[in-house]
Structures are given as structure tokens and as C-alpha cells.
Amino acid sequence: MKSSKRISEIPMSGIRKMFDLAGPDSINLGLGEPDLEPPAHAIEAMCEASRMGKNKYGPTAGIPELRSAIADYFSPYGKLDGSNIMVTPSGSTALLEVTQGMIDPGDEVLVPSPGFVIYSPHVRLAGGTPVEYKLTDDGLFQPDIEMIKESITPRTSMIVVNTPSNPTGGVLTKESKKALVDIARDNDITILADEVYCEFIYEGEHQSFMDSLDCSVVVNGFSKMMAVTGWRMGFLAANDEIMESMVKMQYHVCASPNMPAMYGILAALPHMKPYLDNARSVFKGRRDLICSRINEIPNMSIVPPRGAFYAFPSFDLRMSSQELADRLVRAGLICTPGSAFGTFGEGHLRFSYAADESKISRGMDILSDVMSRAE
């Protein structure tokens, strides 16, 4: 037996690699998983749905009442109704379904660098070619619009955009969004917008592509928003033409999303404001703590990220980000080398501040010690 060539050529995630090197007592600042408890409404409604027998197959695109509730919740960003929404088994699955359903072999797809580790592999699995575009290295991490324009060829079919960004925490500006939409419309290119961290913005406002579904498909989810990473619940927003293809694609992936979890999400959505206000307050405090500690360390620097829950500091040493991350994990601190996120991530490390303050403080103690002995 053998694995397929397409999967054999895809490298293992650089995030996961670090866990294989870590000791059992390591401080884990490598995984973007909120340590908060989910909303009580979500847990109670999911359990009740299961007790009431809602454990069978459901509609491929999700139960209609949840699709409509999601459209209502996100309607401040664009004119939506339930037909524009498909519930998916995770945001990651939604990203895979979009690429499988919209990319043809030979297509080129522009992906952010630094950018999340699955974007380029998903393009390759669909038979396309990922082409990196740089994010500005000024602490704001905006798309380099001129580089994007110069990278477009007759084979370019899609631009992947992530706001707020993993790994940088960058939040797209209104000007950057307008430039991207103009490029997409002028060149008949689809924008694939990953907006799963949209509820975690500390400065600025979320610039969603939900008001531009003529040229965009938007992926979002509930894993981060409701701290239910294990439920694997996401959704995508698209126009009617693309939605038909996405529903067809999802049928061949999973038949239908998790039924009890859909009822849990449905029950929690009307009650999210106080929950998210508290979550943002917690994460902003952790952001301020980790950035303050990082900026006290010689040869390290960071502009506080405006969104998500990742710190992506730069360092000034004669070694690669992988070498530095290896030293840190041997010292008991798990993080991710910037190179895992693309060519332009080199010279950085990614730390998640979805962990509590004590872990962040102990992790920064290790970072400070390792940096003091590095060249």
C-alpha cells in the first residue's frame, strides 16, 4: 500500500512539529485554543438536543433555523439571509471545501505570507499553485497591494485574505479591504476571506467581505468565538451561484454537520455579547502582558497586535526561527517558528496568548533566559 503523491508532498504542520519535541511539563504557548469555558447556553442546548433524539443526519447545508440565525448575527457586515450561509464541520473544513470546489488544476492562488499553515497545502491538494504575497513588516501586517498586483497572471483565480490574522494578529484596514475588492472585481478573481477571529479585535474595526459576496467567499466559525474547538463547527457565506457548488462539495465531505452541536450554537448566538465582552477583556489583558514582557527582552520587538490572540515578535539573532524555536522547546517553552507560516515569516516567532497569565509569565521567563544566552 502507498499514500497518494498529493498527500505525500504536503509537509506536516510546523505548529504540530513543535509538540513532538516538547517535554511533558513544557509551557504551551504554541496552540491557538481559548482556555475559556464555552457559553452555558451552548452546552445546555447541545445536551438537550441529544437527549431529545436529534442525533441523526440533518440537511447538508445545516438546519435552516441556524443558517438564518447566523445570517442575522452577521448582518451588520452585509445583507445576508439563510441561503447565503452553509454550516460546516469546522472553519478548516470550510476552507478545504472552498478550495476543492473552486480551484482547477493549474490555477494560481495568492496566499498571505506570513499566513496560516493550511492555506498553501489546501491549494496544492486542489491541484493549484500557491503564490505568496507579503504582509507589511511594520507591526500592522497589511497586504502588500503592489506585490499582489504584480503577482497576478492569467492563471490567478483566487486571493486568500485573513483578518484578523493568524499568526500576526494584524487587522485589515478599510483602505486595504477596498484595494483588494477592487483588484478582485477588476481581474475576475475570487477573494477567500478567513474571518474566524473577527470577534477578537482590540483596536480598529473588523472589515468583513460579507458585503462583497459578488467576488468573495467568507469563512468563519465558532471554535474560537465560543471556545468550542472540539465541536468542529464553522460556516461559510457565499452568493447563490457559489453556494450550490459548496453544498454539493459538502455532501461528498460529510453529508451533514453535527446535529446536536448546531442546536447548541443556535441557542448561544442571542447571548454572545456579554460572553464576548468578557473574552475580549481577558485576551486584551494577556496581549498587553506578553507584549510588555517581549519588549523588555534585548533583540526582540513587537507592536501590540490589534486582533486575534497571537503575538508575532521579530528577533535579531544570527539564527533561523526554527533554530530559536528548537532552543526554546528544549528549555520548556512551546512556540512556533515564523518560517512555518511562509517565506516572509522568517525572523519571527509566534506565541499564543490564549493561555492564562501565569503560563504567559513563566513562558516569557524562559524566553528571556534563552535570548540572554543566544547569539
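Predicted model: local features only at pLDDT ≥ 70, side-chain atom pairs only at ≥ 80, totals over all residues.
Let's start with the core. The largest nonpolar core has 118 residues, and the members that touch the most others are F222, L236, L349, F351 and L367. Helix 11, spanning residues 272-295, gives the most to this core, with 8 residues.

Leaving aside residues up to four places away in sequence, L236 touches N84, I85, M86 and T88, then A94 and V98, then V217, V218 and V219, and finally M243 and M246.

Now for the rings. How many aromatic pairs does the structure hold? There are 13. One of them joins F74 and Y77 in a tilted arrangement, 6.5 Å centre to centre with 35° between the planes. F74 counts as buried because its relative accessible area is 1%, under the 20% cut-off. Y77, on the other hand, comes out at 28%, so Y77 is partly exposed.

Another pair, F200 with F309, is edge-to-face, at 5.6 Å between centres and 65° between planes. This one links distant parts of the chain, with the partners 109 residues apart. F200 lies in the loop between strand 6 (190-194) and strand 7 (216-221), while F309 lies in the loop between strand 9 (300-301) and strand 10 (310-311). Both F200 and F309 are buried.

If you have the viewer open, have a look at Y73, F74, Y77, F222 and F235, which ring pairs link into a cluster.

Definitions and conventions. Residues numbered from 1 in each chain as written. Heavy atoms only, no water. Core = buried A, V, L, I, M, F, W, Y, C linked by side-chain atoms within 4.5 Å. Buried < 20%, exposed > 50% of the residue type's maximum accessible area, 1.4 Å probe, protein only. Helix = DSSP H or I, 4+ residues; strand = E, 2+ residues; numbered from the N terminus. Contact = heavy atoms within 4.5 Å. Phe/Tyr/Trp six-rings, centres within 6.5 Å; stacked < 30°, edge-to-face > 60°.
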